[in-house]
Amino acid sequence: IHQGTAEVVSLTAGTFEHQTQAATGATTGNWFVMFFAPWCGHCKRLKPTWSETAQALAEQEDASYTTLATVDCTVEKSVCERFAVRSYPTLLFFHQGKMAKYEKKRSKESLLEFVNGGFSELMGSEQATDVPKEVSSFEKFMNTMRQDFYDMVKYRKTFLAFLVVASISFGIFLGWCLENIQGARYQTPTPVALRKVSVPADAASVGKKDASAADHKKNE
């Protein structure tokens, strides 16, 4: 059986089951795990106490056979999803294939009392449940696809509203463009026959003289 260490163990998706054997609890003893987020104020305040508790367990005469650990839920999302972590910090105690949520005081004294036998009452109650099995790669993929589908359904109304507004705006713009193009193409030009033609003064005088000469000859 594994005895607790003075150092808090940082667990990842790749090491969690290998180190804790949480689903079986066969060889590594008890594990007390804090699931946290770096931005969580309560988590920041608890971390020093968590480390002090681990140190105290390692120094006490009677072995506790409990290891304190942490999981960063902003990085190890699959681990936190496996244990349905919804708030921070969440403290879960793992013992012989069972798990339960610790919800009492978070002082070093209270944590030590719990680890040194106080957990028996909690683990014997209805609050203790079987540790869920590690999710396979295929199940992770399917869960991701399922979540993406739910998100798409959830936000479909907003997306459809955007499409409607975008379509109307595009239709108005397209109509304006076509109207201007057709107006430029079919604009009626001024007929050549109706255009004002300027006649030089000399040409007009010559024309008048020719007309007078023709009239004079006719009268003769």
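**Close-up views of a predicted model**

**View 1. Strand S3 has both of its faces covered.** Thr66, Leu68, Thr70 and Asp72 on one side of S3, and Thr67, Ala69 and Val71 on the other, are all buried. Buried means under 20% relative accessible area, exposed means over 50%, and partly exposed lies in between, with a 1.4 Å probe and protein chains only. Residues are numbered from 1 along each chain as its sequence is written, and side-chain values use heavy atoms, with hydrogens and water left out.

**View 2. Strands S1 and S2 are both joined to S3 by bridges.** S1 (residues 9–10) runs parallel to S3 and is joined to it by 2 bridges. Within this pair, Ser10 has Thr70 as its bridge partner in S3. Two strands pair if DSSP finds at least two bridges between them. S2 (residues 30–36) is also parallel to S3, with 7 bridges between the two.

**View 3. An open sheet is formed by 6 strands.** Their order is S1-S3-S2-S4-S5-S6, and the pairing is mixed. The edges are S1 and S6 (129–130), each of which pairs on one side only. Helix H4 (residues 108–123) packs on the sheet and touches S2, S3, S4 (90–95) and S5 (98–102). A contact means heavy atoms within 4.5 Å. The direction of H4 makes about 125° with that of S5. For such angles, axes are lines fitted to C-alpha atoms, for helices over the stretch in contact, and the values run from 0 to 180 degrees between N-to-C directions.

**View 4. Helix H2 bends at Lys47.** The bend is about 30°, and a proline, Pro48, follows within four residues. The bend at a residue is the angle between axes fitted to the seven residues ending there and the seven starting there. H2 has 19 residues and reaches 29 Å from its first C-alpha to its last, close to the expected 27 Å. That expected span is 1.5 Å times one less than the number of residues. The buried residues of H2 are Cys43, Leu46, Thr49, Trp50, Thr53, Ala54, Ala56 and Leu57. Their cover includes S2, S3, S4 and H4.

**View 5. Thr49 lies in helix H2 (residues 41–59).** Is Thr49 buried or exposed? Thr49 counts as buried because its relative accessible area is 18%. Leaving aside residues up to four places away in sequence, Thr49 touches Arg106, Ser107, Lys108 and Leu111.

**View 6. Helix H4 bends by about 70° at Gly117.** Ser110, Leu111, Leu112, Phe114, Val115, Phe119, Leu122 and Met123 are buried in H4. These buried residues pack against S2, H2, S3, S4 and S5.

**View 7. Gln21 and Ala84 each have a positive phi.** Most residues other than glycine have a negative phi, and most peptide bonds are trans. Gln21, which is not a glycine, has a phi of about 50°. Gln21 lies in the loop between helix H1 (16–20) and S2, and its relative accessibility of 25% makes it partly exposed. Ala84 has a phi near 50° and lies in the loop between H3 and S4. With a relative accessible area of 45%, Ala84 is partly exposed.

**View 8. A cis peptide bond joins Tyr88 and Pro89.** Omega of this bond is about -10°. Pro89 lies in the loop between helix H3 (77–82) and S4.

Terms used
Predicted model: local features only at pLDDT ≥ 70, side-chain atom pairs only at ≥ 80, totals over all residues.
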